[in-house]
4 protein chains.
Amino acid sequence: MLRVGLLGAGRIGIVHAKAISSHPDSRLVAVSDAVAESAEKLALQYQCRHCSTDEIIADPDIDAILIASPTNTHSDLMEAATAAGKAVLCEKPVDLSLQRARACQKVVANRSTPIMIGFNRRFDPSLAGLKAAADRGEIGKAELLSIHSFDPSPPPIEYVRVSGGLFRDMMIHDFDMANFIMGDVPESIIAVGSSIVDPEIGAAGDVDTAVATLSYSDGRIAVIKNSRRAVYGYDQRVELLGSEGLLQVNNVIENSMVKSTSAGVVSARPTYFFLERYMPAYEAEWTAFVAAVTSGSPVPVSLDDGVDALAMAEAATRSAQSGLSVKLADVN
Amino acid sequence: MLRVGLLGAGRIGIVHAKAISSHPDSRLVAVSDAVAESAEKLALQYQCRHCSTDEIIADPDIDAILIASPTNTHSDLMEAATAAGKAVLCEKPVDLSLQRARACQKVVANRSTPIMIGFNRRFDPSLAGLKAAADRGEIGKAELLSIHSFDPSPPPIEYVRVSGGLFRDMMIHDFDMANFIMGDVPESIIAVGSSIVDPEIGAAGDVDTAVATLSYSDGRIAVIKNSRRAVYGYDQRVELLGSEGLLQVNNVIENSMVKSTSAGVVSARPTYFFLERYMPAYEAEWTAFVAAVTSGSPVPVSLDDGVDALAMAEAATRSAQSGLSVKLADVN
Amino acid sequence: MLRVGLLGAGRIGIVHAKAISSHPDSRLVAVSDAVAESAEKLALQYQCRHCSTDEIIADPDIDAILIASPTNTHSDLMEAATAAGKAVLCEKPVDLSLQRARACQKVVANRSTPIMIGFNRRFDPSLAGLKAAADRGEIGKAELLSIHSFDPSPPPIEYVRVSGGLFRDMMIHDFDMANFIMGDVPESIIAVGSSIVDPEIGAAGDVDTAVATLSYSDGRIAVIKNSRRAVYGYDQRVELLGSEGLLQVNNVIENSMVKSTSAGVVSARPTYFFLERYMPAYEAEWTAFVAAVTSGSPVPVSLDDGVDALAMAEAATRSAQSGLSVKLADVN
Amino acid sequence: MLRVGLLGAGRIGIVHAKAISSHPDSRLVAVSDAVAESAEKLALQYQCRHCSTDEIIADPDIDAILIASPTNTHSDLMEAATAAGKAVLCEKPVDLSLQRARACQKVVANRSTPIMIGFNRRFDPSLAGLKAAADRGEIGKAELLSIHSFDPSPPPIEYVRVSGGLFRDMMIHDFDMANFIMGDVPESIIAVGSSIVDPEIGAAGDVDTAVATLSYSDGRIAVIKNSRRAVYGYDQRVELLGSEGLLQVNNVIENSMVKSTSAGVVSARPTYFFLERYMPAYEAEWTAFVAAVTSGSPVPVSLDDGVDALAMAEAATRSAQSGLSVKLADVN
C-alpha cells in the first residue's frame, strides 16, 4: 500500500485525490495547500490529514508525493521530496524556466527515488493505442505526424500574463506527445504565432494561435496546431502518416445521439475540456506510477521528458519571434 | 445519508456496491448473498457488515434495500422489504411469472415506501437525451420507433433453460425502452423468433433471434430486433422517426482511434457488453433513486413499469408461438 | 451495337435515355410516349426517332426495348415485345395484379429473348458490395436482415389511390432486395401498417408507415421498415447480421462538409431521393443488361424475380389487414 | 452554343472532352495532340475534327480553347489563343517559371477575351460549400486554415525530375485553395520539406513530404501538409477554424458499406485519386466557364490567381531550402 501526500488541492489536485483513493494499492494520507480551506475540504472528504507541505515532505510514513502546486514551486519541491526519499509524481510543466529545470535535473540526477512527470495524455487509451499500433509497425515507417489541439476558450488574461506563453503553457503537451509518438526529439523547430483570438493576449506579449513544424534528423516531420479557442469544445486530434497507412485519434464526443432534420444531421460536440476528455488518462497515469514505484521499474515519463518538452517550447518561442528555424541543440 | 442494505453480491451487486459507496448521500452498510464468500468479500472492500438477508430486512438502521438477488426471489423480497418500511430498488425483471408479479403488485400497492425497478438504460445519457429531445418536440410527432439490441454472445445453455426465454430475459429491456420513449404501452404485439445462432437454444425451447412489432392505439409502430450473438460487440441502437426528423442513439465505441491502410479504414468496435456500455447509466440510476427517496418524490421507474414490460414479454412469447397478433389486454 | 427503343419518356425514361446513350455498346434509336411532347423532346436531345409504341415494337432494326411506361401496360408490352423477338428491360413493378403477372409469366415462358426487371438497387455499388461480401462468407452464415427504407415525402394522394398500396408500390423494392441478399424467398410474412403520416392516405385505404417481418424456411429472419416521409431526405439503409459479423450499407450524403459550432456538429443530409441516390445503379443496371444480351448469358434479374416480389407484396398486404402470418405458398 | 477546341487529348483532356460534350451550351469541334492517335481517338468518340494546334487557334469558327497540353506550352498557347480572340480555359499550373508566367500576364493584360485557370477544386461542391459558409459568416471570423493533401502514390521519378518540385507541382493546388478560402494572399511563407517516402525523389533534388505555414497580414495563419504517398487512397481534407466554429471538408469515400467483425469496424477508403474525387468539380468548372464566357461576366479564376499560386510555390521552395521565412513581396 503506497501512502501518498498530495501537495496542492486545486482543480487538478482534486482529480488526483480521487485517483489515489480509488486505487486498490494507494491511500491518500495527507494534503497541503496554500489555501487552507481547499486542503481542509479535501482532507475531510477522503478522511486524511491536512498539514503543511514541509510536514508532508518530512513525514517518514509517506512513501510518495504528488506535486500539484503552482508551476514555480515544482523544481524546489521535486528536489526536496526526492532528498527526503519520496517517489514523486509532478504535474507538468516541470518549470517555466529551462535553466531552473536543468539545474533541478542535475540536483536529482543520482537520487534513489523516481520522479515521474504528469504528461497524462500519454495514458489516454486512444493515444496510447496509436503509439502501440505505430510501434507494432501497423502503418509501416512513420513519416508525418500532425497534432491538432484547440482549447474551448482562452484562460483569463491574468493567467496568460504569468503562463510563460502559449508554447510553454499549452503546446508543451503537444511537444511531449510528439516526443512520445516519434520516440525522439526533433532536430529543429520552426514556429509561427499570432494573436487573433483576443488582442489582449497579443498586448500581453503572447500568441493565441500557433503552428510549429518539427524536423527530425531522419527526415520525419511533425506539425502542431494550437488555438486558444474552439467554441464547439475541446478539439484534440492526432494523426500519424506512415509508409503503409494512417493512424488517427479523433475527438471523444459527449454522447452518441444524432438528430436528422431538414436542417441537417446533428451529432454531439467534443467533450468539453481536459478534465472530461482525459479523466481515464489521469487514472491510468496514477496506475502506471503506482506500478512503477511498487515494482521498482522505471517510471514511464521521466524528468528528462519534461525538460525536453520545455526546451522545445523555448525553441518554438524563439522561432516565432525571429522567423528563423531554431535548432534544439542551440537552446539552453 | 441513506443507509443501504444490498441483497446479492454477484456481478451486478458489485456494480451497485460501487455506485452506493461513491454517492455522497448514500452509504453501504450491509450485504448478503447465498454464497457467503461473495458477500464477505464485498463487505471487506467497502468496510460494511456481512449478514443474512433477513437481518438486513429487519435492521431498523437500514433505510433502503437494493435487491440484486436471483429473479425468483424478487417478488418475495419486494414484499418483505416494503413491509419492513424500506425503500427498494429492485433489479429487473420483476419476476418470470406475470401472475406472481401481479400478485406482488397488489400486495405492495398501498405500502408507504417506494419500489423502483432497475431499468438502467432509461438513465443512459444518450437514450435519456433521445427521450428528452422527443418530448421537446425536436422531431415533431413520433411515428416509428426501432430498437436494435444484440448481445455479444449467448449465455450458457444452463442459463437459457431457466431464463424464461429471450422475450422475458433479453427483450424485456427493449420493451421497457419502448414504453419509456413512447410514453405508452402498445395495444398489440406480433413477434417472430428463430433458433439460428445455436441449435441447443432451440432444443431448450427458446429462440436466439427475434423481431417484435408493437402497434399503438394511436397508429404509432415500434419494432424491436434481438440477437443473442454479435461477434463484434454489444450492439445497442435506438432510433425514432417523427414527423419532422429522426433521432438516433448509436453505439458507444471502445476508443476513438482509426486506422487507414490499403485494406480499408478500421475503427473501434462497440464497447463489449452491458457493464461497459451502461456503467454511467447505473450511476445515474442510483442518483435518481437517492434523489427520489430523500425528497419524497415518485421514483422514475415504478413496479407497474416492470409489470408492463413483463406482460409484453408474455404477449410476444405467445405471438411467436402462434403466428397471431396478440392484444396486450388479453394477456394475464 | 445494341439498338434500343424506349417506351416512356417520363422522369425515369429520361434517366434510361442517358444511360443508353452514354454506353459505348448501345444506341437510342426511337422513343415513344403517350404525351407526344415528352417523346419529341427526348428524341431531339438524343438525335433519335419519335414514333409510336407499336412502330417501335414492329421495327426489325431495333434489338432491345426498355419499358418505362405506366405499370398497367407492363405485362402487355413484355408479351408483345418478346413476341417480336426483342430483348426487354422492364421497369418495376411488373404489374399491380399478381394474377396478370403470373399469366404474363406463362405467356413469355418459352420466348427466346430475355426479360430483365429493373430492380436497379441490386446494382448499387454499396448494396451489390454487401451481397458480394455476404456471398464470400465475410460475416459467416446470414441470420437477420434489416432493410430500412424511408421516402423523403409522400406522393400525391392521386398517385396513392392508384398505386396498389404501400406494399406493392414502395416495399416491393425492399422485398426484391431481401430476395437478392437472402438468395431465397421467405416462407411466410407478418406485416403491420398504419396511416400516421397523412390521414388522407388512410382514407384512401392505404398505409404510410409499415413493418414486415419475413421468416425463411431455414430459420433466417428479415425485417423491412417503410415510411412515406423522412423530412431529412431519402433514408436507405440495409444491414445483415451473420454468425461472424455485420454488414451495413449506410446512407449516401449530399456532401462531405461538417460544421462544428457551439450548437453541435452538423453534417450533410442523405441525398434527396432515388434519382440522386441510385443514379450510378441505373447506369450499372444498363451495363449489366447490355452485357447479358450481347453475350447471350442470363439476365441478372428475371421476370420470376419480379413476380416473387409482387407475391410478397400481396402476402404483406393480407397480413397487415388480418393480423395473421401469411404463407407465401398460400398467395395466388 | 460555344464551339470549343481542345488542345491535348491525354488523361485530363479526355475528362474535359466529356464535360464539353455533355454541357447543353457547348460543343467539342476540334482536338489536337502531339500524339496523333490520342487526338484521333477522341475525335472519333465525340464526332469532331482532329487537326493541329495551329489550325484550332486559327479557326474563326472556334469560340473557346481549352488548353490541356504540357505545362511548358501553357504561356505560349494562352498568348496565341487570346491573340486570336478565343476565350481560354487553361489547366494549372500556368507555368513552372514564375518569370515566364509574369511575362505572359503582361502580354495578355489588355486582351478582350478571358483566361480562366483550371483550379478545379474551387468547384468541388464540398469545398465550394465551405467557402460559401465561411463567407456567410457561419463560423464568425476566420483564424486558422488547415489543408491536408496526400496523393495515393508518388509519380514516376521521370515525372518528378521535370515537375518543378513538390511545391510547384502538387502544393500549388493547395496554395490556390488557401487563396480561394482566405480571399487573400499571405504575407510570408515558412516551409519544411523532406524526402522520406522515396530516396530517389531526394536524389532528384525534390521533397516528397512537406509542410508550409502561411502568415497573413491580418494575423490569420494557414498550414498545408503534403505527402506524395497515402497507401489508403487520395486524402484530401480542409478545415477552417473561426471565432464561432469550425468548417471541415472530409474525404469522399468509395462506397457506404461498413463491415463489423471481431477484428473491428471497417469502412471504405477515400476515392482513389483526383479523377474520382474531383469529377463533379471538373463538370462544375466547365459550367462556370461557359456561364462566364456566354454572359460576359468575369471568369471565377483568373490568370492572376494562377500566378499568385506560382509565386507562393516559389516562396515555399526558397523557404524549405533556407530555413527562413520568405516574404511573398520578395519573390520575383
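How many bridges join strand β14 (residues 264-267) of chain A to β14(C), and do they run parallel or antiparallel? Point 5 takes this up.

1. Basis. This is a predicted model: local features need pLDDT of at least 70, side-chain atom pairs count only at pLDDT 80 or more, and totals for chains, interfaces and linings use all residues. Residues are numbered from 1 along each chain as its sequence is written, while chains are lettered from A and ligands numbered from 1 in the order in which they are written.

2. Chain A overall. Chain A has twelve helices and 15 strands. Both are DSSP runs numbered from the N terminus: helices are H or I with at least four residues, strands E with at least two. The radius of gyration of chain A is 20 Å, close to the 20 Å of the globule rule for 332 residues, so the chain is as compact as a globular protein of that length. That radius is taken over C-alpha atoms, and the rule is 2.2 Å times the number of residues to the power 0.38. The C-alpha trace spans about 55 × 55 × 45 Å along its principal axes.

3. Packing in chain A. Of its 332 residues, 57% count as buried (20 or more other C-beta atoms within 10 Å of the residue's own, with C-beta atoms placed from the backbone). Among contacts with a separation of 6 or more, 70% link residues 24 or more positions apart. A contact puts two C-beta atoms, placed from the backbone, within 7 Å.

4. The sheet in chain A. Six strands form an open, parallel sheet, ordered β3-β2-β1-β4-β5-β6. Strands pair if DSSP finds at least two bridges between them. Strand β2 (residues 26-32) and β3(A) pair in the parallel sense over two bridges. Ala30(A) has Arg49(A) as its bridge partner in β3(A).

5. Chains A and C. Three bridges join β14 of chain A to β14(C), and the two run antiparallel. Ser267(A) has Val265(C) as its bridge partner there. Eleven residues from chain C and eleven residues from chain A make up the contact. On the side of chain C, β14(C) gives the largest share, four residues.

6. The sheet in chain D. Here too, six strands form an open sheet in the order β3-β2-β1-β4-β5-β6, with parallel pairing. β3 (49-50) and β6 (115-118) of chain D each have a single partner strand, so one side of each lacks a neighbour in the sheet. Strand β5 (residues 87-91) of chain D runs parallel to β6(D), joined by four bridges. Val88(D) stands opposite Ile115(D) in β6(D).

How values were computed: A residue is buried if 20 or more other C-beta atoms lie within 10 Å of its own, exposed if 12 or fewer, and partly exposed in between; C-beta atoms are placed from the backbone.
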